[in-house]
Amino acid sequence: MAEVPIEVHVNGTARPATVEPRLTLADFLRERCHLTGTHLGCEHGVCGACTVLLDGEAVRSCLVFAVQADGAEVTTIEGIAPDGELSPVQAAFRDHHGLQCGFCTPGFVLSATAFLRDHHQPSDDEIRTGLSGNLCRCTGYQGILVAVRAAAGTAAG
Amino acid sequence: MKPAPFEYHAPTTPAEAVDLLSGLGDGAKVLAGGQSLVPMLALRLAVFEHLVDVRRVEGIRGIERQNGTVRIGAGTTQAAIERSPEVAAAVPLLARATPLIGHFQIRNRGTLGGSLAHADPAAEYPAVALALDAELEILSAQGTRRVRAGDFFTGLWTTAVADDELLTAVTFPVWAGRGGFAVDEVARRHGDFALAGACVAVGLDGEGRVDRCGIGLFGLGPVPLRAPAAESAAWGLAAGDVDPVELGRAATADLAEVPDDLHAPADYRRRVGAVTVARAWRRAVEEAQGG
């Protein structure tokens, strides 16, 4: 099966590569770009752990082939804040116990970041709906809800 | 959870896309947003030798208000439909069904045409297309043909689109006058496919009698369905004289192949289906009476 040349811009860096068409964007990020902050839970679009921003929009990177991201801009958890700093959403997750084991956290942070960009004063119901595409097995979600509510109140949120 | 290998094609024009499809035959599948196809490939429920990605194909995206209709390119994302003021104003049923599809991350990729061509019997858009009598434009090397939604869904996950054809656009009629529109569904979790659901479009004349009515059902058979018996029972009656519970019963009484699985037995689904019809009817009528 013919490999395909692509160039994906990941966290501001051009990443030219030649890939098998069946390689998902998630596997491209993890295995070819060595950005292992994007986690893979279910690999069929249910759990949301692999959520990244594709041209600014939150998507499941396990449901996008790398070839479909040719020419696109991708932001992963590694690119959400400058090195050594936390984004407002990340800081809120830390402050409000929005994570325990951390497996689902990158997906939640990316989803919440995109959600808060589009919803400035979200109600709790809207936050719950906005987070419903991400699964967490540890927290019971209350800490995550509180974190996103808090991040919504910060200027950069 | 890795798809089997396939060849990738990314045509840039509709003509190029259908030429490819016609040459590749049934070993090829159209890749639109991929939110249904890619999970099926990952689980290897489906295997194709070729995927024809339509993301670069020109002219199959966008929302256009025309004379009495709204024409939406098949490649338009559900997110774009959700955000569109034209759709909200002119095709409220489509607008109201959209937030029920998956999650916002799914709707950022998923497309109108992808939903309809995938034709999941529990999905919202096929039932909306049926209830509104939408018309689908299907392109092949021979040209464009138009198929009414009522003739489009031919079997489980099967539509009128042949292997060498591409769904390019969908036209929804704009209901003038006093209309009301509502979708109701029961799903186990937000964003899941519904166990059962219904969408209702109702129009009232000057005296408040039902003079137009479309009821779409999803999750209640191997294909998305309309409820003709319930529709004709309501037709011509004063809206206030229609008993929503009775209407729900009429809409679901004759269903022959209600899914029966570990999530819900058929009897339960049928009862839930009747309730969703009744709820959607009440809301639609309320809106039509207020408008």
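## Contact between the chains

In this predicted model, 24 residues of chain A and 25 residues of chain B take part in the contact between the two chains. On the side of chain A that touches chain B, the elements giving two or more residues are E4 and helix H4 (124–131) of chain A. E4(A) supplies the largest share of that side, with four residues. Sorted by class, the side of chain A that touches chain B holds nine nonpolar, 10 polar and five charged residues.

## The sheet of chain A

E4(A) also belongs to an open sheet of five strands in chain A, with the order E2-E1-E5-E3-E4 and mixed pairing. Strand E2 (13–19) and strand E4 (57–60) of chain A stand at the edges with a single partner strand each, so one side of each has no neighbour in the sheet. On average, and with direction ignored, neighbouring strands of this sheet are turned by 40° against each other.

Within the sheet, strand E3 (residues 51–54) and strand E5 (residues 73–75) of chain A form an antiparallel pair over two bridges. Here Leu54(A) stands opposite Val74(A) in E5(A). Helix H3 (residues 105–118) of chain A lies across E3 and E4 of chain A and runs at about 40° to E3(A).

## Domains of chain A

## Domains of chain B

For chain B, the assignment gives domain 1 (7–53), domain 2 (63–173) and domain 3 (178–290). The C-alpha centres of domain 2 and domain 3 of chain B are 20 Å apart. Domain 2 of chain B brings 23 residues to the contact, and domain 3 of chain B brings 20 residues.

On the side of domain 2 of chain B that touches domain 3 of chain B, two or more residues come from each of helix H5 (92–97), helix H8 (124–131) and strand E8 (153–155) of chain B. H8(B) gives the most to this side, six residues. The side of domain 2 of chain B that touches domain 3 of chain B counts 15 nonpolar, four polar and four charged residues.

## A hairpin in chain B

Strand E6 (residues 135–140) of chain B pairs with E7(B) in the antiparallel sense over six bridges. The two strands are joined by a hairpin, with two residues leading from E6(B) to E7(B). One of the pairings sets Glu137(B) against its bridge partner Arg146(B) in E7(B).

Is strand E7 of chain B largely buried or in the open? The strand, residues 143–148 of chain B, has six residues and the number buried is zero, so it lies largely in the open.

Terms used: Residues numbered from 1 in each chain as written. Chains lettered and ligands numbered in written order. Predicted model: local features only at pLDDT ≥ 70, side-chain atom pairs only at ≥ 80, totals over all residues. Domains from an automatic or database assignment. Contact = placed C-beta atoms within 7 Å. Nonpolar A, V, L, I, M, F, W, Y, C, P; charged D, E, K, R; others polar. Buried ≥ 20, exposed ≤ 12 C-beta atoms within 10 Å, placed from the backbone. Pairing = 2+ DSSP bridges. Axes fitted to C-alpha atoms, helices over the stretch in contact; angles between N-to-C directions.
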